Structures are given as C-alpha cells and as structure tokens.
Amino acid sequence: MSQKTATKKAVARKDMTRLQWTWKEMKRNWVAYLMIAPFCLVFTLFTMAPVIVSIIMSFTDFNMIQVPNFLFLDNYIRLFLDDDIFLLAVKNTLIFAIIVGPVSYLMSLMVAWFINELGPRIRAIVTLIFYAPSIAGQVYLIWGTLFSGDSYGWVNATLLDLGLIAKEIQFFEDKKYVMPLCIVVALWTSLGTSFLSFIAGLQGIDRSMYEAAAVDGIRNRWQELWYVTLPSMKPQLMFGAIMAITSSFGFGGVVDALAGNPSVDYCAWTIMHHLNDYLGARFEVGYGSAIAVVLFAIMIGANMLVKKMLSKVGQ
Amino acid sequence: MARLRTRKHKVVLNRSVGGDLGITLMLTFLGAFMFLPMLYVVMQSLKPLDELWMFPPRFIVMNPTLRNFSDLFVLMNTSWVPFSRYIFNTVLVSVCGTAGNLLFASLCAYALAKIKFPGRKGIFKTIRTSLMFHETVTAVTRFTIMSVLLLIDTPLALIIPAFGSTLGLYLMKQFMETNVNDSVLESSRLDGATEWKTFWVIAMPMVKPAWLTLIIYCFQGLWNAGSSIYIHSEQFKSFNYAIGQITAGGIKRAGASAAAQVIMMMVPIAVFVISQSNIIETMGSSGMKD
C-alpha cells in the first residue's frame with residue numbers, strides 16, 4: 001500500500017460506521033480471502049465441522065445406533081463424579097505431561113541450539129541421529145525387546161549374567177516400572193516436529209544481531225541465547241510448545257506398544273486410552289466426546305500457561 | 001566464503017573452550033542413546049534366524065546375511081494384490097498430500113501473516129486452537145462428510161484431508177512472521193507485483209527452511225500411515241499396512257519383519273537428508289547476501 005492510499009483510508013474511516021469500514025477493507029483485500037480460501041475450505045470440512053459436531057455430541061448420549069437424546073451436562077457429571085478410572089487417567093496424563101512436556105521441549109531446544117553451533121556438514125549428520133527415533137514409525141517397539149520380561153530381554157539377560165538379580169524382572173507387568181519406562185521411551189521419540197522447527201528457526205536469525213549484541217556487552221553463550229536468540233525466534237518457540245502439549249497430553253500409543261492395553265491395574269491408563277475405549281470399543285460417542293472436550297480444555301489451559309511463560313523470555 | 005565468516009564469528013563471539021567441550025560431550029552421550037536403537041534395527045535385519053533367538057542375545061551380528069530381505073521379497077510376491085500396487089498407493093498419497101499441503105498452507109499462511117484483512121486474527125486463532133482437539137473423536141463426523149462427498153474408498157480420502165493439515169499452516173505462519181521482512185514485500189507491491197507474485201517470488205524463498213521442514217514431517221506422516229477407516233478395498237491400501245500383514249505371521253517371520261522395518265525407514269530418511277542438506281544450503285546463501 002502506498003502512503004497516499006493509507007492516508008486516504010484513515011480520513012475515510014472517520015465518516016463511516018465500523019461495519020461499513022470493515023466491508024470496505026474486506027473488498028480492498030479480496031485477494032487475501034482468495035488466498036486463504038483453499039486451505040480454509042478443506043480445514044472447515046475435515047477439521048472444523050467435525051470438532052464442532054463432537055462438542056455438540058458431548059452433550060448427548062449418542063451411541064451410533066439410537067437417536068441421540070440431549071443430556072445437557074450429564075456426561076460431564078458422570079465423568080467427574082462417577083468414573084474412577086477417568087480420574088486415574090487424568091492423574092496419569094498429568095504426571096506424564098508435566099514430566100515429558102517440559103523435558104522434551106527443553107531437550108529439543110537445547111539440542112537444536114547445540115547442533116546449530118556445528119559446521120554445516122556435521123550438523124546434517126547429527127540432526128539425522130537425533131531425529132532418527134521419530135523417523136521410523138514403529139521403531140520404539142524395540143524397547144519391548146530390550147526390557148522383555150523373560151530372560152531373552154536384553155536388560156534381564158545382562159542383569160542375570162552379572163548376578164544382580166536371581167529372577168527376571170517383569171518390567172511391563174510390574175506397576176513400579178511401567179510408567180517410568182514409558183516416560184523414557186516417550187522422551188526418546190520426542191525430538192520430533194518441534195525439534196525440526198527449532199533447527200529451522202535458528203537458521204533464520206540474522207547474524208548481524210549477534211555482532212550487535214556482542215558490542216552491547218553480551219558476555220557468554222547463555223546470555224546470547226536468552227537475550228538475542230530466543231527473543232528472535234518466539235513464534236517458533238510457541239509452535240514447539242503447542243507440539244509438546246499435544247503430544248504429551250495425547251500420550252497413549254507408547255504404553256499400548258510396550259505394556260499392552262490395558263496396562264496392569266490401569267497403572268499407565270491415560271485420557272487417550274479412556275477416549276479410545278469409549279469410542280472404539282463401546283461406541284459411546286457422546287461420552288467419548290465429553291472426554292475429548294475435557295482433554296481439549298486441559299490443553300487450552302496448558303497452552304495459556306505456556307504462553308504466559310514464553311512472554312517472559314528475554315527479560 | 002560464507003562458511004569462513006561463520007567460523008570466525010564462532011571463535012570471536014561469546015564462546016568458551018570449556019563450554020564447547022561440555023556441549024560436545026553431552027551431544028555425543030545423548031546421540032549414542034538416540035542412535036543405538038536405530039542401529040539395533042539394522043543389526044536385527046542382518047541376523048540369521050538362529051541369531052535372532054540366541055541366548056544370551058547379542059547386539060552385534062556375527063554372520064550378517066541378506067536372507068531376511070530376500071525372505072521378505074518372497075513373501076511380498078505371494079500377496080494377492082501385486083505388491084507394487086501398495087507401494088504405488090503410498091507414494092501417490094505421500095507425494096500428492098505433501099505437495100498440496102505445502103501449497104495450501106503456505107498460501108493461507110502468507111495471507112494470514114502478511115496481509116491485514118478483517119478477520120485474520122480470528123481465523124488464525126480458530127485454526128491454532130483446533131490443533132488441540134483430538135482427532136479420534138472427529139472420525140465419526142469426518143467419515144460422514146467424506147461419504148457425502150463420495151470420497152470413501154478412494155485415495156482422495158487420504159490425500160485431500162492432508163491438504164488442510166493445521167500443523168503445516170501453523171508452522172508456515174510462524175516462519176512467515178519471523179523470516180519475511182515487511183518492507184521487502186511493500187517495495188515489491190509498490191513495483192506493481194501482484195499478491196500472488198509477491199508471495200511466490202519474494203516470500204517463499206525467505207521461508208525455505210520452514211517448507212523444507214514441512215515436507216519432512218508431512219511426507220513422513222503420510223508414508224507411515226497404516227490402515228485407514230476410509231479405505232476398504234485391498235487395491236487402495238498402503239505399503240505400511242501390507243508390510244504389517246506380512247510380518248503378523250509370528251515368530252517364523254521375525255527376520256522378514258526386521259527387514260521390513262529397515263525398508264520402511266529408508267524413504268523418510270532419504271527425504272529427510274535431502275531436505276536438511278537444503279536447509280543448510282539456504283543458510284549458506286543467506287550469509288553470502290549480507
């Protein structure tokens with residue numbers, strides 16, 4: 001926009017209502033609407049509409065067979081007052097998310113930052129090494145072999161060999177071990193999308209800013225990270241945070257692969273499991289949707305918290 | 001030239017030898033932890049059956065053999081639908097889905113980040129929030145919508161939803177915000193370039209690291225997709241699904257299963273290496289400019 005039209009617009013805005021002005025702006029920027037149209041059409045059809053329908057269904061007893069009745073808040077009341085396993089799932093999910101979310105986030109950021117210091121060629125190789133666990137879809141299954149409950153499991157075999165234990169440890173049948181092992185495996189696969197976005201984000205930072213910062217009295221790499229690097233990649237930090245939240249609260253697949261479904265005494269039962277149980281096995285779509293809405297609300301809360309924390313970066 | 005300069009900065013600016021050493025040590029330790037299981041998968045695929053079930057188990061293969069791979073290919077040839085068909089399906093879905101997502105998401109992200117039009121904030125917030133709603137629940141409605149659009153049991157059922165992947169849009173929007181300079185866009189518009197041209201010629205090259213990243217994970221996600229509720233004809237099923245069927249044959253097929261894992265990994269690794277090396281190139285060339 002040239003300055004001329006900008007001033008013209010400012011004058012014009014005074015003598016029309018807000019609605020008229022919005023309409024005029026919309027007409028002026030019609031290209032923008034054309035540009036967002038393809039994406040927004042697909043998004044509305046396959047994401048937005050299903051989400052809205054799910055939220056509405058969470059207030060009904062829809063079960064895929066009968067005509068749904070409107071229940072208002074019954075599903076939610078049942079969830080919190082009458083479903084012990086759900087409360088256990090919430091507890092496990094929170095424990096998991098509070099450990100894995102921040103640790104995986106910081107690990108992604110730190111490793112990306114360290115890698116950024118390396119020379120170009122080594123960096124490509126090192127990035128691959130760290131991203132490797134996320135590349136192969138099912139590769140974490142090998143942790144099952146490693147910690148297998150019989151003497152063929154590597155850990156058991158080694159411990160038996162060294163005489164440290166007399167009998168194999170049933171790693172995935174013992175409540176003591178299931179959660180910690182799942183957490184380790186989850187951390188191991190956690191250098192994923194956010195890690196890649198941090199790497200790409202670090203490359204976009206203008207080098208001259210570092211020089212200016214050095215002149216301004218930045219003394220070591222940590223100060224440089226806090227005052228220069230992080231503030232200039234805030235959008236990427238936000239992106240990484242959402243990734244960390246969705247993956248750590250949506251945790252469940254790792255447990256299924258390692259400890260089976262359901263895990264012993266529901267010791268690693270998460271909200272995801274509860275959701276899949278009611279949707280996939282019992283077809284209680286209404287109740288399942290209510291679980292999803294609660295999970296959604298928890299994630300939005302976590303996101304708001306993280307946003308607040310990220311606004312302190314660089315201060 | 002560019003590399004020389006970055007090297008020089010590294011020495012001059014705020015870097016202590018102790019810190020470099022500590023970081024290298026930590027990266028080596030963590031890297032080994034990350035890489036060992038991957039190496040294990042490759043080792044397993046090279047082991048003959050007796051070594052796979054040996055006690056005590058050994059990490060390193062003693063008599064490496066390609067038998068597992070040839071077993072896998074034999075099993076592939078016994079499948080009812082020609083195996084190349086499964087591979088074709090997965091390649092088609094991965095390539096088209098990734099290309100479409102890249103184009104749709106970048107266009108939308110550009111408009112949302114760089115054109116000030118009424119409603120952009122609300123639209124972006126809606127899209128970002130929807131990322132946090134879990135997909136399992138939406139499957140019922142999605143299925144209904146797809147059947148209304150007659151997409152069920154066609155490859156389009158997998159390709160078209162990929163176009164609207166919110167993750168891709170969010171990533172592109174964030175990078176458009178940091179990497180694309182408003183004044184450059186202004187001058188391009190002043191020169192009479194259309195929005196489309198400004199987007200394609202000016203903005204897109206500036207966010208090259210972002211779209212290379214998008215290609216990596218979008219492709220990878222589509223490549224690893226297993227069976228889908230939207231597809232029931234055998235001739236439209238994916239490579240991953242077919243491999244899963246083969247390796248579901250029990251202990252006897254442990255070798256073929258290990259080989260299958262290696263084969264499944266190879267293509268995403270290739271895409272990753274190509275994209276990442278290009279990200280690094282972009283960085284080198286942007287160093288040249290200033």
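What radius of gyration does chain B have, and what would a compact globule of 290 residues have? Chain B has 24 Å, whereas the value for such a globule would be near 19 Å; the radius is taken over C-alpha atoms, and the globule rule is 2.2 Å times the number of residues to the power 0.38. The model is a predicted one, in which local features need pLDDT of at least 70, side-chain atom pairs count only at pLDDT 80 or more, and totals for chains, interfaces and linings use all residues. Residues are numbered from 1 along each chain as its sequence is written, while chains are lettered from A and ligands numbered from 1 in the order in which they are written.

Along its principal axes, the C-alpha trace of chain B spans about 70 × 65 × 30 Å. Of the 290 residues in chain B, 39% are buried; a residue is buried if 20 or more other C-beta atoms, placed from the backbone, lie within 10 Å of its own, exposed if 12 or fewer, and partly exposed in between. Among contacts in chain B with a separation of 6 or more, 76% join residues 24 or more positions apart, a contact being two residues whose C-beta atoms, placed from the backbone, lie within 7 Å.

Both chains are divided into domains, with bounds from an automatic or database domain assignment. In chain A these are domain 1 (1-57) and domain 2 (73-310), and their C-alpha centres lie 37 Å apart. In chain B they are domain 1 (2-65) and domain 2 (75-289), with C-alpha centres 29 Å apart.

The two chains also meet each other. Their contact takes 84 residues from chain B and 86 residues from chain A. On the side of chain B that touches chain A, helix 14 (residues 254-289) of chain B gives the most, with 14 residues. That side of chain B has 52 nonpolar, 25 polar and seven charged residues, where Ala, Val, Leu, Ile, Met, Phe, Trp, Tyr, Cys and Pro count as nonpolar, Asp, Glu, Lys and Arg as charged, and the others, Gly among them, as polar.

The buried residues of helix 9 of chain A are A:Val178, A:Leu181, A:Cys182, A:Val185 and A:Ala186. They lie on the same side of helix 9 of chain A because they cover an arc of only 135° around the axis, the arc being that of the directions from the helix axis to the C-beta atoms. These buried residues pack against helix 5 (84-116), helix 7 (142-146) and helix 14 (253-259) of chain A. On the other side of helix 9 of chain A, A:Lys176 and A:Pro180 are exposed.

Loops complete the tour. A:Asn69 sits between helix 3 (30-57) and helix 4 (74-82) of chain A and is exposed, with 11 other C-beta atoms within 10 Å. In chain B, B:Leu150 lies in the loop between helix 7 (135-148) and helix 8 (156-163), and its phi is near 60°, a positive value in a residue other than glycine.

How values were computed:
Helices (H or I, at least four residues) and strands (E, at least two) are DSSP runs, numbered from the N terminus.
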